[in-house]
Amino acid sequence: MIGIFILCAFALAAIFAPLLTPYDPTAQDLASAFLPPSAAHPFGTDDLGQDILARIMYGGRYTLAIGAVAVSIAAIIGVPFGLISGYAGGATDMVIQRITDILLAFNPFLLALVLVAVFGVGIETVTVAAGIGVIPQFIRLARGQALSLREEVYVEAAVAFGESPPAILGRHVLRNALTPIIVYATLNVGVTVLVAAGLGFLGLGVQPPTPEWGTMLGTARGFIFKASYQMTFPGLAIFLAVLSFNLVGDGLRDAFDPSLRE
Amino acid sequence: MPEPLLSIRDLHVTFRTRSESVRAVDGVSFDVYPGETLGVVGESGAGKSVTMLSVLRLIPPSTRVVTSGQVLFRGKDLMQASKREIREIRGRHIALIPQDPMTCLDPVLKVGRQVREAIEAHAKAPAAETYRRGVQLLETVGIPEPARRYTQFPHEYSGGMRQRAMIAMGIANAPSLLIADEPTTALDVTIQAQIMDVLRAAQRETRASMVLITHDLGLIAEMADRVVVMYAGHIVESADVRTVFSAPRHPYTLGLIGSLPQTTGNEKWLRPIPGSPPDLANVPSGCPFHPRCFLSRGREICRTARPELRSVGNGAHRSACHFVDELEGAGR
Amino acid sequence: MSAFLTYLVRRLVAAGVTLLGVILVMVLLVRALPGDPARIIAGLLATPEQVAQVRLSMGLDEPVPVQYWRYLVNLAHGSLGTSARFGTTVLSEIGHRLPYTIVLAVFGTLFGAVFGIALGVLAATHKGRWIDAFGSMLGVAGISMPVYWLGILLIVLFSVQLKLLPIGGAGSASSLVMPTLTLGVFSMAVVSRMTRSTMLDTLDQDYVRTVRAKGVVEWVAVRHALHNAFIPILTVIGLQFGTLLGGAVLTETVFSWPGIGQLLVQSINNRDFPLVQGIVFVFAAMFIVLNIITDLLYSVVDPRVRLYR
């Protein structure tokens, strides 16, 4: 429940960022570089004189957006495949499962890393790559749901009534599988955010001067001796954001269906 | 009258969940004497198992449980005993042979190892010695090829054999009280008789008392010396076995016996007790049996006042019914 | 014994198929590079001859199936290609660095497993009390923590402020401490959450009650429960190893640990695709082998598990 609180705080800060700070997050002011936290700059300034607090707030938009979009991509692609795989069974299932296995052979971060390697850096690639990284999770979840829901009475009834498979899937199976999918999605936003930030940290994600938290952390790394606060805040932001998603996701899961506990 | 071996006095066990209180055992008192077999009878959910599990303080610690009352074993109150004292008693002086051999054996360990555990919990002995005793125990309970079976896993045993193994663990330390919880319920009818023979032999050998928990009246008729009848967490009648069957003095007991299928005579239909057992979170007020009682006929005292266990007939026969006198002569 | 071998062979074949799939994906990806792959690989300063050379050696101007086949043939000969940047074989580059990564992953997994199980068991047996709450907090925090941030924090604390541990590199045993800790925290959190929840299940089981009825000391009963809970826990530990391999990339970068993770990042920056391909292949292979080993361990832990008939 604390999670919801933190999450809301972040969301609000991100949305209303321009109203909350007078500073332009990308405006460079080398004269005021490396200022420690003060009243004028609550989080201090970084190596390029940019106000860190402003960058964090604006960065929130990017980070949250990337997380949400990436998970949506994963869900939109993964869930249908998973449902089809589980419901149809047989050869279709096997094929989709093999492909999922291949995807699973990588962990999401590596997968995203490789995709970025091929398709180049930048926010779009990062988002898509992060999303692709968690697709297998959704396929597996959806498949499991389809497998168990397939045996439900109302599904059999629908079949008996002559409903076509896509309709059955769409109307009955999906609706009942929706809850765990939402829970899963929330939990996975944390993963995608970490992946995106990780890529940023390595310099392979969102590029400066865009204030993505991971990227900020990456540049800050060069200055840990000089200005340690530069790396404290972005890292803290990532941590708290992911934490809040996880808390909310946990809370949702406990509320809806304790049987989903890992 | 000799001193009772086990004396349960006014035991209450209540399970508290967030929304309700389930009174599984609601003021139960009875004694067990040395060398006798006491049958505890009742429908599922009557509180039989919970009573005996509480004796050994085995109610899982993760549920929210409130217990009160006394359980005197050889004069010592087990409810007040320290953890170490209870551990001493468990398996050594009072042994439990639990219900459902399917789930009561650890599936990942060999049976022999688990038998050995029962022995080693209370005595240190060289491995060869415990092995010998373990195999011997398996043999005593009638498991063929005991040495080979000793090294097998529970899933390689049949249901009947698993029950025998449980009995073996129960008698491993020659306890003075055996608690057998539904020993035959999970088994085939054909195996049931064999298991009861094993139990009887084990009891005879160790001269232990036995508390036999079951809903099977036939079993009671065969094995028990005395009987305690439970309903919704209360004791409704207690007597020696012959009296219970020939001259029961409680409407519920009458109903139970009456519902036994008759193999002789002209009975064509089964006569179950009307209604169903109460939800233990919402036990009826007054006498818990009144909604289903043919004797009550809606009389007010049945609805408001809980009947106490009182002597009827000769001293040892007790019944908890407001109108027990109206039952004189019934049951024949 | 032969049933076991059959099973093993079957698994290895399936693994092989998966790996073939991985290679296919890699090959396709390289082809998908925007622009001229050969040029990118050879580098901006390469001469046209060098570019042609690259194109030839990698079979980039040939149809995909041929290129794919070429890669497989090379693989069969034990070659993973030549590094565009370093000029040495991919195999040797990886070979030098792989042990470091494996050491890190192993220690990280061990740390995570040991402390994770301990924490999980404590939390389950003391459910509702402060150890449990504390453990849960650690758990959630652990999985939310960005690996690299934790790493940097640790560096600042232990190397800069306290001057206890070296900043990076793989010089001595003490330089293993912080990377292991960094990797291990996430692992520990996941394992402890899983341990707690499965333990809560098993502690309620009938056979645990039977064990207690024998009059044993409480930790014996807990041991029974843990043994039975071990399969899902083992699954998670196995999965963790895979996650750690990915996390190793970041950790190695933060601590300048000379493993293949760091190499991967470098080669991506260098557009050294043969090397990238090789490393990805090795990662995938390791993960798959790990899966098989984990499955085999199942039958050791739980005698009911018959993977093979």
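The model is a predicted one. In chain B, four strands make up an open sheet with antiparallel pairing, and eight strands make up another open sheet whose pairing is mixed. Chain C and chain A bury about 3700 Å² between them, while about 2200 Å² is buried between chain B and chain C.

**The four-stranded sheet of chain B**

- Strands pair through backbone hydrogen bonds, and the pairing can be either parallel or antiparallel.
- Reading across this open sheet of chain B, the strands come in the order β2-β1-β4-β5, and the pairing is antiparallel.
- The edges are taken by β2 (21–32) and β5 of chain B, each of which pairs on one side only.
- Nine bridges join β1(B) to β2(B) in the antiparallel sense, and the two strands are linked as a hairpin through four residues.
- Within that pair, B:Val13 stands opposite B:Val25 in β2(B), and B:His12 stands opposite B:Asp26 in β2(B).
- Strand β1 (residues 6–16) of chain B also runs antiparallel to strand β4 (residues 65–73) of chain B, and eight bridges hold this pairing.
- The bridge partner of B:Leu72 in β5(B) is B:Asp77.
- Two residues lie between β4(B) and β5(B) in their hairpin, and B:Arg74 in the turn has a positive phi of about 50°.

**The eight-stranded sheet of chain B**

- The strands of this open sheet follow the order β6-β7-β8-β3-β9-β10-β12-β11 in chain B, with mixed pairing.
- At the edges stand β6 (94–97) and β11 (310–311) of chain B, and because each has a single partner strand, one side of each is left without a neighbour in the sheet.
- Strand β3 (residues 37–41) of chain B pairs in the parallel sense with strand β9 (residues 226–231) of chain B over four bridges, and the bridge partner of B:Val41 in β9(B) is B:Val229.

**A helix that lies across both sheets**

- Helix α1 (residues 48–55) of chain B lies across β1, β2 and β4 of chain B, and it runs at about 110° to β1(B).
- Helix α1(B) also lies across β3, β6, β7 (177–181), β8 (209–214) and β9 of chain B, where it runs at about 145° to β8(B).

**Helix pairs in chain C**

- Two packed helices are described by the angle between their axes and by the distance between those axes.
- Helix α9 (residues 206–213) of chain C packs against helix α10 (residues 218–255) of chain C at an angle of about 155°, with the axes 9 Å apart.
- That angle makes α9(C) roughly antiparallel to α10(C), and their crossing is right-handed.
- The residues of α9(C) that meet α10(C) include C:Tyr207 and C:Val211, and among those they meet are C:Ala221 and C:His224.
- Sorted by class, the contact of α9(C) with α10(C) has six nonpolar, two polar and two charged residues.
- In another pair, the axes of helix α11 (residues 260–269) of chain C and helix α12 (residues 273–301) of chain C come within 9 Å and cross at roughly 145°, and this crossing is left-handed.
- Among the residues that make the contact are C:Leu263 and C:Leu264 of α11(C), together with C:Ile279 and C:Phe283 of α12(C).
- The residues of the contact of α11(C) with α12(C) divide into 10 nonpolar, one polar and no charged.

**Contacts between chains**

- Of the about 3700 Å² that chain C and chain A bury between them, 77% is on carbon and sulfur atoms.
- On the side of chain C, C:Tyr148, C:Trp149 and C:Ile152 supply 17% of the area buried against chain A, which is more than any other three residues.
- Between chain B and chain C, carbon and sulfur atoms give 58% of the buried area of about 2200 Å².
- In chain B, the residues that lose the most area to chain C are B:Arg87, B:Val108 and B:Glu117, which together account for 24% of what that side buries.

Note on methods: Residues are numbered from 1 along each chain as its sequence is written. Chains are lettered from A and ligands numbered from 1 in the order in which they are written. This is a predicted model: local features need pLDDT of at least 70, side-chain atom pairs count only at pLDDT 80 or more; totals for chains, interfaces and linings use all residues. Side-chain values use heavy atoms; hydrogens and water are left out. Two strands pair if DSSP finds at least two bridges between them. Axes are lines fitted to C-alpha atoms, for helices over the stretch in contact, and angles run from 0 to 180 degrees between N-to-C directions. Angles under 35 degrees count as roughly parallel, over 145 as roughly antiparallel, 65 to 115 as roughly perpendicular and the rest as oblique. A crossing is left-handed if the near helix is turned anticlockwise from the far one by less than a right angle, and right-handed if clockwise. Contact means heavy atoms within 4.5 Å. Ala, Val, Leu, Ile, Met, Phe, Trp, Tyr, Cys and Pro count as nonpolar, Asp, Glu, Lys and Arg as charged, and the others, Gly among them, as polar. Buried area is the accessible area (1.4 Å probe) that two parts lose on being put together, summed over both.
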